[in-house]
Amino acid sequence: MIPSDHVPEFEGRAGQTRRALLLSALALSACDARAAPEAPPPALKSAPFPVGVAAMTGQFDDLGWTELVGAQFDRVTPEWEMKMEAVLAADGALDFSRSDRLVAAAEARGLKVFGHTLIWYAQSSPAFERLAGDRAAFAAAYRNYVLDVAGRYSGRLAGWDVVNEPVNDDGEGYRDCLWRQALGMDYVRRAFEHAREADRDAPLLLNDYNLERPKKRAAFLRLAEDLLKSGAPLGGLGTQSHLTADLEPGAIRASVRELASLGLPLHVSELDVSLNADRLSVLRRGELETRQTALVAEAVEAVMDLPEAQRFGLTVWGARDKDSWLRRPPNAGGPLPDRPLLFDDDGRPKAAARAFARALA
């Protein structure tokens with residue numbers, strides 16, 4: 001752009017007219033440049049590690065979703081279809097109709113599938129609750145369940161979250177759940193051994209959230225170390241990374257670095273950055289989005305900083321903002337709909353998606 005004070009002077013009325021026309025043309029040119037849309041970022045799946053997204057069976061019927069996911073991601077994690085609530089009926093019958101459909105739909109589009117999750121404190125079933133007083137029967141049913149679910153997709157999945165969220169939120173020990181009540185903390189080791197029996201090759205991960213908190217991260221690492229010492233086939237660690245926009249800069253990088261200290265592959269497994277937590281109400285929306293963008297960039301950079309063999313991947317917990325679990329009851333709330341993901345409701349890349357792409361460089 002030519003500064004206006006460098007426009008040559010013209011003598012006479014005709015010269016003044018020509019000068020006015022030139023300034024007008026320059027102004028229009030500048031407006032056109034400002035109005036020009038920013039080029040879309042490169043596909044996220046160009047990363048030197050797998051880039052995944054949470055998926056549900058019905059989303060494969062949504063053309064906008066499938067086009068976006070096919071263009072940007074190379075792996076999907078079932079958000080619900082492989083959890084016990086979806087698979088195991090009260091009478092002990094197994095229903096794989098939803099998970100089978102999701103796996104088939106993903107494979108048909110060239111997408112790998114990461115299994116989520118075999119054992120989770122938050123879900124059990126009356127089929128197990130009836131056996132709680134009989135340790136031997138419970139242990140046998142526990143083994144059979146893991147064998148049935150993991151074995152059904154043996155050789156087809158990119159890995160499994162074998163045990164999900166075993167650590168108390170405050171980092172003071174481990175969650176009290178049906179699995180622990182029946183089998184003690186040995187339930188974790190057993191799950192990994194049964195999963196390896198079902199699938200001899202799939203990477204088997206331990207997964208949890210809020211590992212950006214040092215105390216909880218320390219408890220999680222102690223459990224991982226105990227599993228390794230016991231000979232359990234622990235093949236990686238998952239840090240969910242459900243974040244809020246006020247997370248202190250550097251917390252993600254510090255967490256990833258410390259989790260990687262065991263030498264295991266690391267999965268940033270459920271990334272999103274909420275703008276709607278109650279404590280964020282004092283911040284303006286623009287500031288929140290700026291912080292969101294910075295946190296996404298930090299997460300990608302933290303994975304990029306890992307040795308290549310430890311980059312298991314990065315998965316975002318939804319493709320478009322409207323796909324997010326934070327838009328559904330009971331999580332939905334706040335003065336505005338949450339916008340925690342990389343693409344807006346219409347699938348257009350947000351600043352966070354552009355930051356993701358830039359961080360790959």
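This is a predicted model: local features need pLDDT of at least 70, side-chain atom pairs count only at pLDDT 80 or more; totals for chains, interfaces and linings use all residues.
Student: Is E165 buried or exposed?

Tutor: Anything under 20% relative accessible area is called buried. E165 counts as buried because its relative accessibility is 8%.

Student: And what is phi of N210 near?

Tutor: It's near 55°, again a positive value in a residue that isn't glycine. N210 is in the loop between β6 (204–208) and α9 (214–229). With a relative accessible area of 15%, N210 is buried.

Student: While we're on the backbone, which peptide bonds are cis?

Tutor: Here are two. The bond from H116 to T117 is cis, with omega near -5°, and T117 is part of strand β4. Another cis bond joins P329 and P330, where omega is about 0°. P330 is found in the loop between β10 and α12.

Student: How do I read a pair of aromatic rings?

Tutor: You describe it by the distance of the centres and the angle of the planes. This structure holds 10 aromatic pairs. Take W120 and Y121: their ring centres are 6.3 Å apart and their planes are at 85°, so this pair is edge-to-face. W120 is buried at 17%, while Y121, at 28%, counts as partly exposed. Now try F138 and W179: the centres are 5.9 Å apart and the planes are at 55°, so the pair is tilted. That pair links distant parts of the chain, with F138 in helix α6 and W179 in helix α7, 41 residues apart.

Student: Which residues form one aromatic cluster?

Tutor: F128, F138, Y142, Y145 and W179. There are charges over rings to look at, too: the charged end of R175 sits over the ring of Y121, 4.0 Å from its centre. K216 lies over the face of Y209, 3.8 Å from the ring centre.

Student: How many residues has helix α6?

Tutor: α6 (residues 135–152) has 18. From first C-alpha to last, α6 reaches 26 Å, close to the 26 Å expected. Its buried residues include F138, Y142, Y145 and V146. Among the elements covering the buried residues of α6 are β4 (115–120), β5 (160–164) and α8 (186–198).

Student: What's the idea behind a nonpolar core?

Tutor: In soluble globular proteins, nonpolar side chains tend to be buried together. Here the largest nonpolar core has 100 residues, and I119, W160, W179, F192, L206 and L314 touch the most other members. Leaving aside neighbours within four places in sequence, I119 is in contact with residues including Y142, V146 and W179.

Student: How many residues of α12 are buried?

Tutor: 7 of its 9, so to speak a mostly covered helix. Those buried residues pack against β1 (51–55), α11 (285–304) and β10.

Note on methods:
Residues are numbered from 1 along each chain as its sequence is written. Side-chain values use heavy atoms; hydrogens and water are left out. Helices (H or I, at least four residues) and strands (E, at least two) are DSSP runs, numbered from the N terminus. The expected span of a helix is 1.5 Å times one less than its number of residues. Buried means under 20% relative accessible area, exposed over 50%, partly exposed in between (1.4 Å probe, protein chains only). Contact means heavy atoms within 4.5 Å. A nonpolar core is a set of buried Ala, Val, Leu, Ile, Met, Phe, Trp, Tyr and Cys residues joined through side-chain atoms within 4.5 Å. Rings of Phe, Tyr and Trp (its six-membered ring) pair if their centres lie within 6.5 Å; planes under 30 degrees apart count as stacked, over 60 as edge-to-face and the rest as tilted. A charge sits over a ring if NZ of Lys or CZ of Arg is within 6 Å of the ring centre and within 35 degrees of the ring normal.
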